[in-house]
Amino acid sequence: MSSIFEAMMILCFGISWPLSIYKSYKSRTTKGKSLLFILFILIGYACGIAAKLSGGKITYVLFFYCLNFIMVSVDFLLYFRNSKLQKQETEPNE
């Protein structure tokens, strides 16, 4: 039963990441984003994955941890893309 609740928690968190990725991609800005926050989320998911692997509790929930980790990684990379785009927009044209 605890795996079901854990999966539901991960699914609820996971629903927000595609929306965040879409917003980051379309906005082309880092406004409203915190790199430190995204980094801590990545570390949290990495720790969750490590806990599942080291504890020998490899269930379907591990898939959702990995999926969320991938989505947050995409958002993390978009942060750097958007930062670069912002710098290009603010630099004077030569």
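Trainee: Among contacts in the protein between residues at least 6 apart in sequence, what share joins residues at least 24 apart?

Mentor: This is a predicted model, in which local features need pLDDT of at least 70, side-chain atom pairs count only at pLDDT 80 or more, and totals for chains, interfaces and linings use all residues. Residues are numbered from 1 along each chain as its sequence is written, and side-chain values use heavy atoms, without hydrogens and water. For contacts (heavy atoms within 4.5 Å) between residues at least 6 apart in sequence, the share joining residues at least 24 apart is 80%.

Trainee: How many helices and strands are there in the protein?

Mentor: Helices (H or I, at least four residues) and strands (E, at least two) are DSSP runs, numbered from the N terminus. From the N terminus on, the elements run α-α-α. The protein therefore has, in these terms, three helices and zero strands.

Trainee: What radius of gyration does the protein have?

Mentor: The C-alpha trace spans about 60 × 20 × 15 Å along its principal axes. The radius of gyration is taken over C-alpha atoms, and the globule rule is 2.2 Å times the number of residues to the power 0.38. A compact globule of 94 residues would come near 12 Å, whereas the protein has 16 Å.

Trainee: Which residues does Val72 touch, not counting residues up to four places away in sequence?

Mentor: Val72 is among the residues with the most contacts inside the largest nonpolar core. Leaving out residues up to four places away in sequence, Val72 touches Trp17, Ile38, Ile41, Leu42 and Tyr45.

Trainee: Does Asn82 count as buried or exposed?

Mentor: Asn82 has its place in helix H3 (residues 61-90). Asn82 touches Ser24, Ser27, Arg28, Thr29 and Thr30, not counting residues up to four places away in sequence. Buried means under 20% relative accessible area, exposed over 50%, and partly exposed in between (1.4 Å probe, protein chains only). Because its relative accessibility is 1%, Asn82 counts as buried.

Trainee: What is the value of phi of Arg28 near?

Mentor: Arg28 lies in the loop between H1 and helix H2 (35-54). Because its relative accessibility is 39%, Arg28 counts as partly exposed. Most residues other than glycine have a negative phi. Arg28, a residue other than glycine, has a positive phi, near 55°.

Notes. A nonpolar core is a set of buried Ala, Val, Leu, Ile, Met, Phe, Trp, Tyr and Cys residues joined through side-chain atoms within 4.5 Å.
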